Amino acid sequence: MLSGNEGARTYFDHVPRQWDAIYSHENRLMYALNRLLRKGIFERHELTFGKCGDIPGASVLDLGCGTGRYSVEFARRGASTVLGVDFAPSMVEFSRRIARDMGVADRCEFICGDVLTVPTDQPFDIVAALGLFDYLAEPEQLIKRISCLTSRVFVASFPSYGFLGRLQRRIRYGWIKKCSVHHYSRARLQELFSPSFPSFEIVPITSGFFVAAKKR
Ligand SMILES: C[S@@+](CC[C@H](N)C(=O)[O-])C[C@H]1O[C@@H](n2cnc3c(N)ncnc32)[C@H](O)[C@@H]1O
């Protein structure tokens, strides 16, 4: 089963290096610019590690892992196992390389596939999905599945733009990059999370929301 966003798969498969430049300090000017212009990405990174509780010894599932920066950071902070999933093959290759370079490859596994068909039923202490829901047309299905795969906490980000921001994203991603993008309101998030998680916190961030949802 595919989530249907073939455009997103094709787009991300071509840009692992550009995407990773957000996190890499190799080009200091680009890094500084990204910190300024893509503030939400840095806010969600900080919130993830602030809100997911104890990481040492935890099992982690990283959905839409991209270049593996979150997976590797979970492993560096002591996670016992990390499974990263992404449907863009070059992103998965990049993640494997970063994990090797950072010396955590023995605790990280990366698989190439759609997040809707993660081949496991075993629950994880922490499930993360940062920058993923932008590309999912039917998030209900995935949130239900994630609630069964989470034993402690699920952390995720969701874009919310005003009219002009949405229009600009639809032109940039939808028309130019052929990759459909989706947006969320606080009310929509409440509707999505209430049936599956007994407690959740919705934190506004630049251009969106960060959600930390707990199972206990
Ligand atoms: C914006 S990037 C975020 C990467 C990473 N989580 C981060 O925050 O650095 C979104 C990633 O989600 C992946 N993705 C989008 N939809 C997916 C799907 N249905 N199944 C698997 N991966 C998906 C894309 O290939 C891309 O690598």
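# A guided look at this predicted model

Arg 69 touches Asp 20, Tyr 23, Ser 24, Ile 98 and Met 102, with residues up to four places away in sequence left out of the list. This is a predicted model, so please read every value below as computed from it. Arg 69 belongs to helix α5, and that helix is a handy place to begin. From there we will visit a pair of packed helices, the ligand's surroundings, and a few single residues.

**Helix α5 and its end**

- Helix α5 covers residues 69-76 and is mostly covered, with seven of its eight residues buried.
- Those buried residues are Arg 69, Tyr 70, Ser 71, Val 72, Glu 73, Phe 74 and Ala 75.
- Arg 69 and Ser 24 sit 45 residues apart in sequence, while their C-alpha atoms are 9.5 Å apart in space. Ser 24 is also among the residues that Arg 69 touches.
- The side chain of Glu 73 makes a polar contact of 2.8 Å with the side chain of Arg 77.
- Just after α5 comes Gly 78, which takes a positive phi of about 105°.

**Two helices packed together**

- Two packed helices are described by the angle between their axes and the distance between the axes.
- Helix α1 (residues 6-13) packs with helix α6 (residues 89-101) at an angle of about 45°, and their axes are 7 Å apart.
- The two helices, α1 and α6, are therefore oblique to each other.
- Which residues make this contact? From α1 they are Arg 9, Phe 12 and Asp 13, and from α6 they are Pro 89, Ser 90 and Met 91.
- Sorted by class, the contact of α1 with α6 has three nonpolar, one polar and two charged residues.

**Around the ligand**

- The ligand is surrounded by 20 residues, and the closest are Tyr 23, Gly 64, Asp 86, Val 115 and Leu 130.
- Gly 64 takes part through its backbone: one of its polar backbone atoms is 2.7 Å from a nitrogen atom of the ligand.
- Asp 86 takes part through its side chain, where a polar atom lies 2.6 Å from an oxygen atom of the ligand.
- Asp 114 has a side-chain N or O atom that is 3.4 Å from a nitrogen atom of the ligand.

**Ser 157 in strand β5**

- Ser 157 is found in strand β5, which spans residues 150-159.
- With 3% relative accessibility, Ser 157 counts as buried.
- The side chain of Ser 157 reaches the backbone nitrogen of Gly 131 at 2.8 Å.
- Beyond its neighbours within four places in sequence, Ser 157 is in contact with Arg 44, Ala 129, Leu 130, Gly 131, Phe 133, Phe 209 and Phe 210. Leu 130 is also one of the closest residues to the ligand.

- Pro 139 is buried, with a relative accessible area of 3%, whereas Arg 145 is partly exposed, with a relative accessible area of 24%.
- Leaving out residues up to four places away in sequence, Pro 139 touches Phe 133, Tyr 184, Arg 188 and Leu 192. Phe 133 is in contact with Ser 157 too.
- Pro 139 and Leu 116 are 23 residues apart in sequence, with 9.7 Å between their C-alpha atoms.
- The side chains of Arg 145 and Asp 121 are joined by a polar contact of 3.4 Å.
- Arg 145 and Ser 196 are 51 residues apart in sequence and 9.1 Å apart in space, C-alpha to C-alpha.

**A loop residue to look up**

- Where is Ser 207 found? Ser 207 is in the loop between β6 (199-205) and β7 (208-214).
- Phi of Ser 207 is near 60°, which is a positive value in a residue other than glycine.
- Ser 207 is partly exposed, with a relative accessible area of 33%.

Terms used. Residues are numbered from 1 along each chain as its sequence is written. This is a predicted model: local features need pLDDT of at least 70, side-chain atom pairs count only at pLDDT 80 or more; totals for chains, interfaces and linings use all residues. Side-chain values use heavy atoms; hydrogens and water are left out. Buried means under 20% relative accessible area, exposed over 50%, partly exposed in between (1.4 Å probe, protein chains only). Helices (H or I, at least four residues) and strands (E, at least two) are DSSP runs, numbered from the N terminus. Axes are lines fitted to C-alpha atoms, for helices over the stretch in contact, and angles run from 0 to 180 degrees between N-to-C directions. Angles under 35 degrees count as roughly parallel, over 145 as roughly antiparallel, 65 to 115 as roughly perpendicular and the rest as oblique. Contact means heavy atoms within 4.5 Å. Ala, Val, Leu, Ile, Met, Phe, Trp, Tyr, Cys and Pro count as nonpolar, Asp, Glu, Lys and Arg as charged, and the others, Gly among them, as polar. A residue is near a molecule or strand if one of its heavy atoms lies within 4 Å of it. A polar contact is a pair of N or O atoms within 3.5 Å; within protein, one must be able to donate a hydrogen and the other to accept it, and residues adjacent in sequence count only if both atoms are side-chain atoms.
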